[in-house]
Amino acid sequence: MITVDDFNFENKKALIRVDFNVPLDENGNVTDTTRIEAAKPTILKVLEDGGSAILMSHLGRPKNKEEEFSLSQICKTVSEVIGVEVNFVEDCVGAKATEAASNLEMGKILLLENLRYHSEETAGDVDFAKQLSELGDIYVNDAFGTAHRAHASTTIIAQFFPEAKCYGYLLAKEIESLDRVLNNSEKPVLAILGGSKVSSKITVIENILDKVDEMIIGGGMAFTFIKAQGGTIGDSICEDDKMELALDILKQAKEKGVQIHIPVDVIAADDFSNDANTKVCDIMSIEDGWQGLDAGPKSRELFDEVAKRAKTILWNGPLGVFEMETFAGGTIALGHSIAAATKDGAFSLVGGGDSVAAVKQFGFDTKVSYVSTGGGAMLEMLEGKTLPGIAAIQE
């Protein structure tokens with residue numbers, strides 16, 4: 001794996017694809033700097049070598065160069081996080097961008113305007129990628145969150161740097177962490193899959209059944225498995241058209257010797273509301289008018305035992321509607337179990353938008369081994385797909 005450590009950036013301009021698609025408030029202030037902080041080590045390596053850094057990113061999904069999607073808004077925050085003043089140029093290609101890049105002194109940072117102000121970016125346009133490539137000497141991809149997109153700046157551009165392209169520290173760490181779970185794991189390996197829909201996790205489940213020893217299936221998707229096995233689930237969420245598939249997954253797991261754990265009880269509510277009436281129900285017999293919104297106390301104990309005997313843990317998806325305090329207990333309990341296993345020497349990887357939000361919200365992000373920065377990209381890697389942004393560096 002070729003990383004920034006394989007290059008000396010002295011007197012070189014590094015063209016770095018970062019993922020600064022960060023959340024902003026109504027005044028354009030950055031509300032979460034995680035992605036900027038994640039790119040910092042790569043940027044500093046370039047500067048400390050005696051080179052300069054040209055940063056390119058997208059922000060949101062602009063249709064017509066709307067001001068609310070301008071990266072100029074985040075320039076001050078990027079400067080504060082990196083600890084070096086960041087210059088900004090109001091385009092990413094063309095005369096202004098070319099001039100700003102050619103005038104950039106070593107040790108300095110330039111942030112280009114939103115790549116998606118040009119439709120050629122998402123179209124993977126070769127000419128657009130070539131224009132971008134002319135701004136720097138070495139191409140660095142450090143944007144895992146967009147590595148599953150064959151966009152101009154993430155994939156197509158790499159062909160213009162046949163001998164001068166590499167992964168940044170963040171992207172390399174993502175690849176290593178996932179590889180450690182999928183291919184070089186210490187057994188027993190536990191996968192925890194939650195969230196609302198089985199349909200979004202089918203390929204993941206099928207791909208990792210050969211790689212895990214135990215699997216917890218929680219969250220809303222558990223009810224499809226329960227109903228398929230003859231349970232009554234009240235008003236709980238269910239994908240009726242995926243029940244046959246759920247039974248097939250259980251059959252496959254049994255054949256492969258993988259132990260599947262599904263919640264045995266739930267916190268049920270009479271309304272999808274934080275203020276709803278609640279009660280603990282056996283998951284196989286939830287009354288009409290009630291819906292399961294969190295893992296119950298017996299399930300939490302069961303999952304705690306499973307997590308604590310694991311040596312490698314992958315967590316993707318919450319166990320309940322953690323956004324509502326009333327139904328956050330199962331996800332919090334699981335976080336404590338994984339943190340304890342990690343403290344005892346297990347390697348734990350958390351990924352996927354909701355799981356990442358949960359571990360941050362409840363303070364587990366520093367108590368697990370690694371928190372992935374890319375939801376969609378991580379899922380595609382778990383599905384066994386080769387990500388175009390990763391492949392482009394290796395070609």
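**View 1. Strands β7 and β8 pair in the parallel sense.** Four bridges join β7 (residues 189-193) to β8 (residues 214-217); two strands count as paired if DSSP finds at least two bridges between them. Ile192 stands opposite Ile216 in β8. From β8, Glu214 and Ile216 point one way and Met215 and Ile217 the other way, and all are buried, that is, under 20% relative accessible area with a 1.4 Å probe and protein chains only (exposed is over 50%, partly exposed in between). Strands (E, at least two residues) and helices (H or I, at least four) are DSSP runs, numbered from the N terminus. The model is predicted: local features need pLDDT of at least 70, side-chain atom pairs count only at pLDDT 80 or more, and totals for chains, interfaces and linings use all residues. Residues are numbered from 1 along each chain as its sequence is written, and side-chain values use heavy atoms, with hydrogens and water left out.

**View 2. Six strands form an open sheet with parallel pairing.** The order is β3-β4-β2-β1-β5-β6. At the edges stand β3 (86-89) and β6 (165-167), each with a single partner strand, so one side of each has no neighbour in the sheet. From one strand to the next the twist averages 25°; axes are lines fitted to C-alpha atoms, for helices over the stretch in contact, and angles run from 0 to 180 degrees between N-to-C directions.

**View 3. Helix α1 packs on the sheet.** Strands β1 (residues 13-17) and β2 (residues 52-56) run parallel and are joined by five bridges, and Leu15 stands opposite Ile54 in β2. Helix α1 (residues 34-49) touches β1, β2, β4 (109-112) and β5 (138-141), contact being heavy atoms within 4.5 Å. The direction of α1 makes about 150° with that of β2.

**View 4. The buried residues of helix α13 line one face.** In α13 (residues 375-382) the buried residues are Ala377, Met378, Met381 and Leu382. Seen down the helix axis, they fall within an arc of 135°, so they line one face of α13; the arc is that of the directions from the axis to the C-beta atoms. What covers these residues includes α6 (169-182), α7 (202-208), β15 (312-316), β16 (347-350) and α14 (388-394). Just after α13, Gly384 takes a positive phi of about 90°.
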